[in-house]
Amino acid sequence: MALQPPEPRDGGDVELLALIDRLAELLERSDLTELEVESGGTGLILRKPPLVEATAPGATAATQRTEVPAGDGESLTAGRDPGATARPSVKAPLTGIFYASPAPGTAPYVQVGGEVAVGQVIGLIEAMKLFNEIKSDLAGRVVRVVPDSGALVKAKQPLIEVEPL
């Protein structure tokens, strides 16, 4: 049985994703903290995360938020398990739309609590009208699936967090 990937959302997605990749690389290499671009009827603002933003020690978990720049553009959010940030993760090799299962209505490739092996497919990323199988470079137990199925993911963004066995 051949896998039928989900249909592309819009023909303009491919061009937009390629543009976002190029602009993100430009922003990374520059001293700018924000880049705003408008083309046709579409506007886009890219921002680098702030260096450190913290609240007073007595703040509640609902209002406390700390952002620290990471090499892959992630930010850490207070209230999460501090050990979770040290967990190894399988990262997206490219920017595109992430799909957790081979087709709508089918079981996801991996689930929280399940085991993953090196080389096992963990999801699909649609980019440039192609569906790319994303394979795990780690082995262990899946602790967290980071993006929702159908969400835009950026290159080097964690897809799943894995606890080595």
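**Strand pairing and burial**

I began with β8 (residues 140–145) and β10 (residues 158–163), which pair in the antiparallel sense over 4 bridges. Strands here are DSSP runs of E of at least two residues, helices are runs of H or I of at least four, and both are numbered from the N terminus. Two strands pair if DSSP finds at least two bridges between them. In this pair, Arg 144 stands opposite Glu 161 in β10.

I noted the conventions next. This is a predicted model, in which local features need pLDDT of at least 70 and side-chain atom pairs count only at pLDDT 80 or more, while totals for chains, interfaces and linings use all residues. Residues are numbered from 1 along each chain as its sequence is written, and side-chain values use heavy atoms, with hydrogens and water left out.

**Sheet and hairpin**

I traced the sheet that holds β8 and β10: it is open, has 4 strands in the order β3-β10-β8-β5, and its pairing is antiparallel. β3 (89–91) and β5 (115–116) are at the edges with a single partner strand each, so one side of each has no neighbour in the sheet.

I then checked β6 (residues 121–127) and β7 (residues 130–135), which run antiparallel and are joined by 6 bridges. They form a hairpin with 2 residues between them, and Met 128 in the turn has a positive phi of about 55°. Glu 126 stands opposite Phe 131 in β7.

**Cores**

Which residues touch the most other members of the largest nonpolar core? They are Val 116, Ile 122, Ile 125, Leu 159 and Ile 160, out of 14 residues in that core. β6 and β10 are the elements that give two or more residues to this core, and β10 has the largest share, 3 residues. Another core lies apart from it, with 7 residues, including Leu 27 and Leu 46. A nonpolar core is a set of buried Ala, Val, Leu, Ile, Met, Phe, Trp, Tyr and Cys residues joined through side-chain atoms within 4.5 Å. Buried means under 20% relative accessible area, exposed over 50%, and partly exposed in between (1.4 Å probe, protein chains only).

**Two buried residues**

I looked up Leu 159, which lies in strand β10. Leu 159 counts as buried because its relative accessibility is 0%. Leaving aside neighbours within four places in sequence, its contacts (heavy atoms within 4.5 Å) include Val 90, Phe 98, Ile 122, Ile 134 and Arg 144.

I turned to Thr 95, in the loop between β3 and β4 (96–99). Is Thr 95 buried or exposed? Thr 95 is buried, at a relative accessible area of 5%. Its side chain reaches the backbone nitrogen of Ala 155 at 3.0 Å. Beyond four places in sequence, Thr 95 is in contact with residues including Leu 17, Asp 21, Ile 125 and Leu 152.

**Whole chain and confidence**

I counted 1 helix and 10 strands in the protein. Buried residues make up 29% of its 165 residues.

The protein averages a pLDDT (the predictor's confidence in each residue, from 0 to 100) of 76, and 68% of the residues score at least 70. Over residues 52–84 the pLDDT is below 50, although this stretch has 40 contacts in the model beyond near neighbours in sequence. Where pLDDT is low, the predicted coordinates should not be read in detail.

Terms used:
Polar contact = N/O pair within 3.5 Å; in protein donor to acceptor, adjacent residues only side chain to side chain.
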